Amino acid sequence: MLEFDDIQYILLTRAPAITGRYEFLSFRNAAGGRAWLAAILETVHSVQQARASIEKDNRWVSVAFTWNGLQALGLGEASLASFPEEFKQGMVARAEILGDTGANRPDKWVGRLASAELHALVILFARDTAERQRCESEHHRLVMKCEGVEVLSSLDLVATPPFEYAHDHFGYRDRLSELAIEGSGDEPRPGFGGSVKAGEFILGYPDEEGSIPPLPRPEVLSRNGSYMAYRRLQEHVGAFRDFLRQHGETPEQQEFVAAKLMGRWRSGAPLVLAPHKDDPELGADMQRTNNFNYKEMDPHGYAVPLGAHIRRMNPRDTAANMNRRRMIRRGAPYGPHLPEGTPEDGKERGIAAFVICASLVRQFEFAQNVWINDKNFHELGNERDPIIGNQDGTLEYKIPMRPIRKKITGLPAFTTMRGGAYFFLPGLKALRYIVSLGTAR
Amino acid sequence: MSDAPKQNDWSKPAAMAIPEGGYFKDKIEQGRYGPIFPKTPACYGFSIIAKIIPGREPNFYEYARNIEKAVAGQPDCLAVLKLHYLRWNLFKIKGDNYFQYMGIFDTDFDKYTEDAVAIFAATGLNTVFENLEGFPKDWKTNAQAFIKFVRDHHCPSFLEYGEYPYVSAEEIKKALKLKAAFSDMLDQMQ
């Protein structure tokens, strides 16, 4: 049984929000940091609370810490040492493994996200802009009251038009890979191979191996917690549209090229099920849009190219132990919408996402290192993920076609990593435990 | 990594001398579990050498028969490891028994290391390792400990050679399939 009253809502629930804000904090003073936590704790929803009042709530709050942050709040040495190596090192130290090199490297990141002083993160999702602004001022007042608490940077999230469904700035439909966790109450959708064991995402429960791996100590700190990798990815919408125009003469041909990079039409319809023509109804139908495999239905990549984004991020039946590599994704677009036909305005826009999993090295880092950035994934030789891989203009992208394939050389970068960090997302009891670190025992 | 230009050169046999320690100091690639040993004309590989717990030698011969059966029963059971060849040896040093496990494969061990651990458990490949001194008892749930054992007992090459350098097992199989299909086509045309 999952402890819904202790698990932070964001792990299992999606708030019906159209806007939000992330604030990145630093604690100069442990007592001040704990005072801040004691106050904000009151606003953090558990899964149970969020589910009970999702219709009437207007804002949803989550809190998470870097390893440096746990140290700054006064966590003891033995406890700090019991966290996994990659979390202790942090995302900056893992940059080469993650492909955050060249234009993506940490010394170019914004918002002081690469700083060792980054200690905590508050994620706010709000039903509307007025509520977001109200929460922002309320949080500002709280921060002013707590000694040594500093906001390093923040990021406002805004849904981009059209608003009927979630999508990124390139126009691709988002949130298509919603998996179901065993015991969460969510029904697995066709194409996911059933639900995934809770231990793959929430600490303290058996994982797909059937056992509970060693966890950070004490148990009250780790139980019902999880890890989050934050990625702020700038999307170069102008460059993306130029590329489509360069490789497609008609709007139909441009849509086709966009679909081949992703493996889905921008409507979400998967190429395996709709290889020649878009089918927006299929794209929006959660019972059908994931119901396909590769080994039998598309072994050579005539529908979804072998290096396409969705084939790398979820190789389905062509990967071993797929359920050991699953991840939960949360997040939203940021920055102004660039209307079709408008030239690139140079403003930063993109997607600010969290990848949630029980083991950063086994799940998130594997996806970055092997699926996204291994040039020889599926024997491709000289490719990386065309959407989020580290692209420096020297790699190619192959689209299998009969009788001969189309090979695009010198693929440009459509995204740039602008900052990120590893966070620990504690359960509510664990948050209270951290608050109590200052009291004499 | 600068492996791209080398890949088309399968027709030209190549040898590579590797510095002491197993790495080229100026171009060490970091993997998730530590630095990655370089790809050579003989692709990736490892040689694990470890001492056997005294008295456990018979287990190794039993294990050999088990692996033979496992692969015969399910020929693709090791596919995840992207192997070319595996060799197992037993030998003595000053009266003590040692075990060597040598593999040649197409992906650096670091990349699919958790899948390898899972394969070990599923196929019974593990049983022989449990007879080695220092093998972590909690290896099934502690990938980190398993990987540390492998890294600690790996003896990196100082020289590797490939008659058809850098070619993957997948490419070889594809070529042989093509050859078979082509012969078949010619037969059909008679």
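Tutor: A residue is called buried if 20 or more other C-beta atoms lie within 10 Å of its own, and exposed if 12 or fewer do. The model here is predicted, and the calls below are computed from it.

Student: What makes strand β6 of chain A largely enclosed by the rest of the structure?

Tutor: The strand runs over residues 328–334, and five of its seven residues reach the buried class, so β6(A) is largely enclosed. It also has a partner: β6(A) pairs with β7(A), residues 350–357, in the antiparallel sense over seven bridges.

Student: How do you know that β6(A) and β7(A) count as paired?

Tutor: Pairing needs at least two bridges, and these strands have seven. One example is A:Arg329, whose bridge partner in β7(A) is A:Val355.

Student: Why does A:Arg105 count as partly exposed?

Tutor: A:Arg105 has 16 C-beta neighbours inside 10 Å. Leaving aside residues up to four places away in sequence, A:Arg105 touches A:Ala95 and A:Asp100. Its C-alpha atom is separated by 21 Å from that of A:Ala120, 15 residues apart along the chain.

Student: Which classes do B:Lys82 and B:Tyr166 fall into?

Tutor: B:Lys82 has 20 C-beta neighbours inside 10 Å and therefore counts as buried, since 20 or more is the condition. B:Tyr166 has 19 other C-beta atoms within 10 Å, so B:Tyr166 is partly exposed.

Student: What makes the phi values of B:Lys82 and B:Tyr166 worth a remark?

Tutor: Most residues other than glycine have a negative phi. B:Lys82 is not a glycine, yet its phi is near 50°. B:Tyr166 has a positive phi of about 65° and is not a glycine either. B:Lys82 is placed in the loop between α1 (57–73) and β5 of chain B, and B:Tyr166 in the loop between β7 (159–162) and α5 (169–188) of chain B.

Student: Where in chain A are A:Pro162 and A:Pro218, and what is the form of the peptide bonds from A:Pro161 to A:Pro162 and between A:Arg217 and A:Pro218?

Tutor: A:Pro162 lies in the loop between β4 (149–158) and α8 (219–222) of chain A, and A:Pro218 is in the loop between β4 and α8 of chain A. The bond from A:Pro161 to A:Pro162 is cis, with omega near -5°. A:Arg217 and A:Pro218 are also joined by a cis bond, with omega about -5°. Most peptide bonds are trans.

Student: Why is α9(A) called oblique to α10(A)?

Tutor: The axes of α9 (237–247) and α10 (251–262) of chain A come within 8 Å and cross at roughly 120°. Roughly perpendicular covers 65 to 115 degrees and roughly antiparallel begins over 145, so the angle makes α9(A) oblique to α10(A). The crossing is right-handed. A:Leu244, A:Arg245 and A:His247 of α9(A) meet A:Gln254, A:Val257 and A:Ala258 of α10(A). By class, this contact has three nonpolar, two polar and one charged residues.

Student: What makes α2(B) roughly perpendicular to α4(B)?

Tutor: The axes of α2(B) and α4(B), residues 143–153, come within 10 Å and cross at roughly 95°. That angle falls in the range from 65 to 115 degrees, which means α2(B) is roughly perpendicular to α4(B). B:Thr113, B:Glu114 and B:Val117 of α2(B) make the contact with B:Ala143, B:Phe146 and B:Ile147 of α4(B). The residues of this contact divide into four nonpolar, one polar and one charged.

Student: Why are β4 and β5 of chain B said to stand at the edges?

Tutor: Three strands of chain B form an open sheet in the order β4-β6-β5, with antiparallel pairing. β4 (44–51) and β5 (83–93) each have a single partner strand, so one side of each is left without a neighbour in the sheet. β5(B) pairs with β6(B), residues 96–105, over 10 bridges, and the partner of B:Phe91 in β6(B) is B:Tyr98.

Student: How many residues does each chain give to the contact between chains A and B?

Tutor: Chain B gives 16 residues and chain A gives 18. On the side of chain B, the largest share, three residues, comes from α2(B).

Conventions:
Residues are numbered from 1 along each chain as its sequence is written. Chains are lettered from A and ligands numbered from 1 in the order in which they are written. This is a predicted model: local features need pLDDT of at least 70, side-chain atom pairs count only at pLDDT 80 or more; totals for chains, interfaces and linings use all residues. Axes are lines fitted to C-alpha atoms, for helices over the stretch in contact, and angles run from 0 to 180 degrees between N-to-C directions. Helices (H or I, at least four residues) and strands (E, at least two) are DSSP runs, numbered from the N terminus. Angles under 35 degrees count as roughly parallel, over 145 as roughly antiparallel, 65 to 115 as roughly perpendicular and the rest as oblique. A crossing is left-handed if the near helix is turned anticlockwise from the far one by less than a right angle, and right-handed if clockwise. Two residues are in contact if their C-beta atoms, placed from the backbone, lie within 7 Å. Ala, Val, Leu, Ile, Met, Phe, Trp, Tyr, Cys and Pro count as nonpolar, Asp, Glu, Lys and Arg as charged, and the others, Gly among them, as polar.
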